[in-house]
Amino acid sequence: MVSIKTTFIGYPTVGKTTLIALLKGKVPDLNYEPTMLIDFETIQMKEHEIKIWDIGGQASFEPYWDQFVENSVLNVVVTDSTPQNVLKTKMIIEKLNKVKGSRTIAIANKQDIDGRLNSNRIENILRVPTYPMVGIDPNNREKLYYILIRELLIACGTDPNELGDI
Ligand SMILES: Nc1nc2c(ncn2[C@@H]2O[C@H](COP(=O)(O)OP(=O)(O)OP(=O)(O)O)[C@@H](O)[C@H]2O)c(=O)[nH]1
Ligand SMILES: [Mg+2]
């Protein structure tokens, strides 16, 4: 079995834990429970195990982020799509861009809230592939799953057109 490390990283309340719960097919939790330091989840994909690191976003955990992203194949950076959060999130992406050997994408979450930027604008700011999302909508599970698988294939140097085999 091959284990592939993926991190979900971003500031507090942007929806990282919600998105991981969505991937696992769980009912979305509308109450905010901060992730204390880090949590782990796994997803099976054929002979591969995707090991997801759910990194706590609070300021007190930020000193550990560099360590947590070590040896990650894919970094999923989550923003809540507000202009203020997108600009802050760009700093995370700039740091991750300096880490060799991993791929970084962004999820423009909370596309249901007033004052959100659309994902094209966010992509122009963050300059990494950016996908719009509403993490509390269970109908988005498959969409998020395919984003993850496609991006993992790219990160591993495999042609994403092989998606048909999954
Ligand atoms: N309106 C809306 N709320 C969302 C969405 N995704 C998540 N939330 C809510 O946002 C809150 C925070 O979500 P979490 O997933 O716990 O946030 P987090 O990024 O894991 O936060 P930390 O663990 O502190 O880093 C919860 O109340 C969720 O229900 C979304 O797409 N739209
Ligand atoms: Mg969390």
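This is a predicted model: local features need pLDDT of at least 70, side-chain atom pairs count only at pLDDT 80 or more; totals for chains, interfaces and linings use all residues.
Biologist: In what order do the strands of the open sheet stand?
Modeller: Helices (H or I, at least four residues) and strands (E, at least two) are DSSP runs numbered from the N terminus, and two strands pair if DSSP finds at least two bridges between them. The edge strands, each pairing on one side only, are β2 (38-45) and β6 (130-132). The pairing is mixed, and the 6 strands follow the order β2-β3-β1-β4-β5-β6.

Biologist: Which residue of β3 stands opposite Gln-44?
Modeller: Strands β2 and β3 run antiparallel and are joined by 8 bridges. Their hairpin has 2 residues between the strands, and Lys-46 there takes a positive phi near 50 degrees. Met-45 has His-48 as its bridge partner in β3. The residue opposite Gln-44 is Glu-49.

Biologist: How many bridges join β1 to β4?
Modeller: On the side of β3, β1 pairs in the parallel sense over 7 bridges, and Val-2 has His-48 as its bridge partner there. Towards β4, Thr-7 stands opposite Asn-75. Strands β1 and β4 also run parallel, and the number of bridges joining them is 4.

Biologist: At what angle does α3 run to β4?
Modeller: Axes are lines fitted to C-alpha atoms, for helices over the stretch in contact, and angles run from 0 to 180 degrees between N-to-C directions. Helix α1 packs on the sheet, touching β1, β2, β3, β4 and β5, and its direction makes about 155 degrees with that of β3. Helix α3 lies across β1, β4 and β5, and its angle to β4 is about 165 degrees.

Biologist: Which residues does Val-76 contact, leaving aside its neighbours within four places in sequence?
Modeller: Two residues are in contact if their C-beta atoms, placed from the backbone, lie within 7 Å. Val-76 is one of the residues with the most contacts inside the core. With those neighbours set aside, its contacts are Thr-6, Thr-7, Phe-8, Ile-105 and Ile-107.

Biologist: Why does Asn-71 count as exposed?
Modeller: Asn-71 lies in the loop between α2 (65-68) and β4, and has a positive phi of about 60 degrees although it is not a glycine. A residue is buried if 20 or more other C-beta atoms lie within 10 Å of its own, exposed if 12 or fewer, and partly exposed in between, with C-beta atoms placed from the backbone. Asn-71 is exposed because its C-beta neighbours inside 10 Å number 10.

Biologist: How many other C-beta atoms lie within 10 Å of Thr-13?
Modeller: Thr-13 lies in the loop between β1 and α1, and its phi is positive, near 70 degrees. Thr-13 is partly exposed because the number of other C-beta atoms within 10 Å is 15.

Biologist: What distance separates the C-alpha atoms of Tyr-145 and Leu-19?
Modeller: Tyr-145 is found in helix α5 (residues 141-155) and counts as partly exposed, with 17 C-beta neighbours inside 10 Å. Tyr-145 and Leu-19 are 126 residues apart along the chain, and their C-alpha atoms are separated by 10.0 Å.

Key: Residues are numbered from 1 along each chain as its sequence is written. Chains are lettered from A and ligands numbered from 1 in the order in which they are written. A nonpolar core is a set of buried Ala, Val, Leu, Ile, Met, Phe, Trp, Tyr and Cys residues joined through C-beta atoms within 7 Å.
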